[in-house]
Amino acid sequence: MAPPLIRTEHMGKSYHLPAGELQVLTDINVAVAEGEFIAIMGPSGSGKSTFMNLLGCLDLPSEGEYYLNGRAVRSMDVDERARLRNTLIGFVFQGYNLLPRLNAVDNVTLPLVYAGVGRRDRERRAREMLAQVGLERFMDFLPPQLSGGQQQRIAIARALVNDAALLLADEPTGNLDSRTSEEILAVFERLNRERRLTIVLVTHEPDVAAHAQRLIRFHDGRIVEDGPVARRPQLQAGARP
Amino acid sequence: MIYSELLRESGRAMRVNRMRTVLTMLGMMIGVAAVVAMLAVGNGARSSVDSIIASMGSNMLIVISGARTSGGLRFATGSTPTLHLTDADAIRGLPGVLAVAPGSGNGSQIVYGANNWSTVVMGTNPDYLQIRDWPLAAGAGFSASDMRGAARVAILGQTVATNLFGDANPVGQTIRIAKSPYLVIGLLAPKGQSFGGQDQDDTVLVPITTAQRKLFGTQFGDTVRYIMVQAGQAELLAPVQAEVDALLRQRHHITGTQSPDFDIRNLTELANAAASTTRIMSLLLGLIASISLVVGGIGIMNIMLVSVTERTREVGLRMAVGARPTDILGQFLMEAVSVSAIGCLAGLLVGGAAVLVVNRLFDMHSVVTASSVLISITVSLAVGTFFGFYPARKASLLQPIEALRHE
């Protein structure tokens with residue numbers, strides 16, 4: 001059997017602050033197989049975002065170990081982690097984080113630039129990806145000319161253009177109205193189904209978490225719940241007319 | 001990241017804030033223009049001083065009839081001729097002396113056919129051309145018999161020849177100086193302007209004997225205005241000067257503290273002083289100009305620091321999608337170098353134009369040398385790299401999460 005895509009062993013994160021040691025995450029043990037769609041919930045300050053940063057190799061654990069695709073992240077150097085972010089991981093942020101002076105295509109090609117893909121190839125793949133998220137009519141638009149939902153679709157296209165296996169979404173629908181949120185989540189579900197894309201999604205809203213298969217709940221830097229999403233019947237009936 | 005990508009990205013970054021980019025380039029441009037123009041003008045000034053020095057003649061002393069004191073009244077130097085041809089002959093016998101040319105000049109009207117020209121007619125001897133390092137363009141110099149017999153022969157300067165004969169060859173023609181006929185036996189090569197800006201080609205040479213006996217008449221007698229003395233080599237100039245001084249004091253019966261009735265001037269020394277002054281001046285100008293290059297570099301650094309701060313989130317995002325620290329370093333460094341390179345090219349154009357204007361205004365022959373262009377390009381690229389490195393490194397060392405959270 002192939003190793004899980006993500007495995008953490010007693011992973012913890014603490015910061016040295018002038019006021020003293022701040023323990024943000026404690027003893028996190030999680031294994032995520034390829035193709036899972038996981039929702040992360042928990043109150044503010046419970047360590048969700050730190051957990052995501054560690055999963056995304058944007059930060060390093062201070063205790064324990066994190067294995068991505070079977071490899072220990074702490075033993076990698078800066079460039080190796082950059083390479084993993086480039087080829088294996090895609091990020092979607094609450095605030096989209098698009099470069100406002102680049103049009104949709106150029107925003108999506110960004111990871112491919114750092115992957116060393118040629119210009120022609122890059123543009124072709126970016127256009128294909130934008131078409132997949134339903135933006136074929138907005139290829140040459142600048143982000144400020146587009147709606148929030150459209151911008152988040154560009155961000156999703158950017159996250160996946162280099163065939164990432166793991167999509168990390170930190171409150172991707174936090175800035176969107178409920179209809180647009182549903183559209184974005186539908187995109188996630190489709191990508192999870194069709195590409196066997198592994199998705200880890202942070203959210204505050206149970207409605208959003210309901211789209212996932214597994215729910216991990218954080219509290220005070222610890223995992224307090226980890227199991228299948230409870231599909232409450234009234235929620236399913238109410239959310240979808 | 002590939003170079004073409006870096007270039008594309010820096011081009012995009014420069015276009016975002018056009019005004020700022022242009023102003024930053026302006027600093028660089030002024031620096032480069034100043035360096036190029038200063039080096040060119042400095043070189044031009046030096047070469048014109050050098051050519052004037054060369055045209056004066058080398059290793060030369062000039063003895064001038066001195067100030068005469070009459071009844072407590074001191075007359076101007078050279079106003080009373082006190083030097084004689086015999087003084088010149090005596091100096092010729094001194095050790096270390098290579099050539100001696102006495103001279104007396106006076107304004108005269110020269111006539112050829114229907115043309116006439118007013119110029120200085122100068123009596124001298126064959127050594128004169130050697131001392132002044134002044135070749136003949138045509139014909140021959142004075143012969144020994146010309147000197148002995150006070151022959152009515154003349155050598156024309158280029159300006160005089162042009163005004164009297166146009167483009168025709170004057171050698172063998174007869175001109176009239178003070179109503180007497182003189183045979184033109186030679187034509188001097190063009191020499192250009194002297195230190196004082198006088199046209200050295202506006203002259204006619206005749207044998208000193210002719211000038212004394214037939215041309216200037218009794219007012220001069222046996223006297224000469226000045227005696228040019230050429231030493232065998234530069235190191236002999238000082239001893240020769242001392243010898244000439246001692247000899248003339250003895251011949252003119254000047255004792256101890258009495259002020260002499262002659263004056264010895266070392267023109268080469270003067271000229272060398274002038275040359276080193278221009279050298280120092282051009283060095284100074286170049287130095288000041290390079291300070292403006294450094295100031296331009298600091299401007300680039302300033303703007304790059306602002307740019308890095310403004311684009312912290314962008315840096316974080318780029319890192320999140322796979323940019324390595326070296327990619328970020330390269331991106332900002334390329335931007336700084338691009339700004340300074342474009343500024344440098346503009347500066348070369350402006351500097352070149354400035355040199356053309358200076359040449360036209362001051363009648364100079366300054367040339368923008370390849371070496372000064374190379375120096376400017378190298379220095380400005382180095383300045384761009386040097387001052388761009390710190391901001392670029394600062395950007396590359398950002399932590400991705402902190403950069404992403406930056407507001």
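Ala159 of chain A touches Gly90(A), Phe91(A), Val92(A), Ala164(A) and Leu167(A), leaving aside residues up to four places away in sequence. Before I go on: this is a predicted model.

Where does Ala159(A) sit? It belongs to helix H5 of chain A, which covers residues 148-160. Is Ala159(A) buried or exposed? It has 26 other C-beta atoms within 10 Å. The cut-off for buried is 20 or more, so Ala159(A) counts as buried. There is also Pro111(A), which is 48 residues away from Ala159(A) along the chain. The C-alpha atoms of these two residues are 8.0 Å apart.

Next, the sheet in chain A. It is an open sheet of 6 strands, and the order is S7-S8-S9-S4-S10-S11, with mixed pairing. Which strands stand at the edges? They are S7 and S11 of chain A, the latter being residues 222-228. Each has a single partner strand, so one side of each has no neighbour in the sheet. On average, neighbouring strands of this sheet are turned by 15° against each other, with direction ignored.

As a reminder, strands in a sheet pair through backbone hydrogen bonds, and they do so either parallel or antiparallel. Take S4(A), residues 37-41, and S10(A), residues 214-219: they run parallel and are joined by 4 bridges. Within S10(A), Leu215(A) is the residue opposite Ala39(A).

A helix packs on this sheet: H1 of chain A, residues 48-55. It touches S4, S8, S9 and S10 of chain A. The direction of H1(A) makes about 150° with that of S9(A).

Now helix H2 of chain A, residues 78-87. Its buried residues include Arg81(A), Ala82(A), Leu84(A), Arg85(A) and Asn86(A). What covers the buried residues of H2(A)? The cover includes strand S5 (63-68), strand S7 (89-92) and helix H3 (104-115), from chain A, and also H10 from chain B.

That brings us to the contact between the chains. How many residues does each chain put in? Chain A gives 20 residues and chain B gives 19. On the chain B side, four helices each supply at least two residues: H1 (3-16), H10 (312-320), H11 (325-362) and H13 (400-405). H10(B) gives the most, with 5 residues. Sorted by class, the chain B side has 12 nonpolar, 6 charged and 1 polar residues.

Notes:
Residues numbered from 1 in each chain as written. Chains lettered and ligands numbered in written order. Predicted model: local features only at pLDDT ≥ 70, side-chain atom pairs only at ≥ 80, totals over all residues. Contact = placed C-beta atoms within 7 Å. Nonpolar A, V, L, I, M, F, W, Y, C, P; charged D, E, K, R; others polar. Buried ≥ 20, exposed ≤ 12 C-beta atoms within 10 Å, placed from the backbone. Pairing = 2+ DSSP bridges. Axes fitted to C-alpha atoms, helices over the stretch in contact; angles between N-to-C directions.
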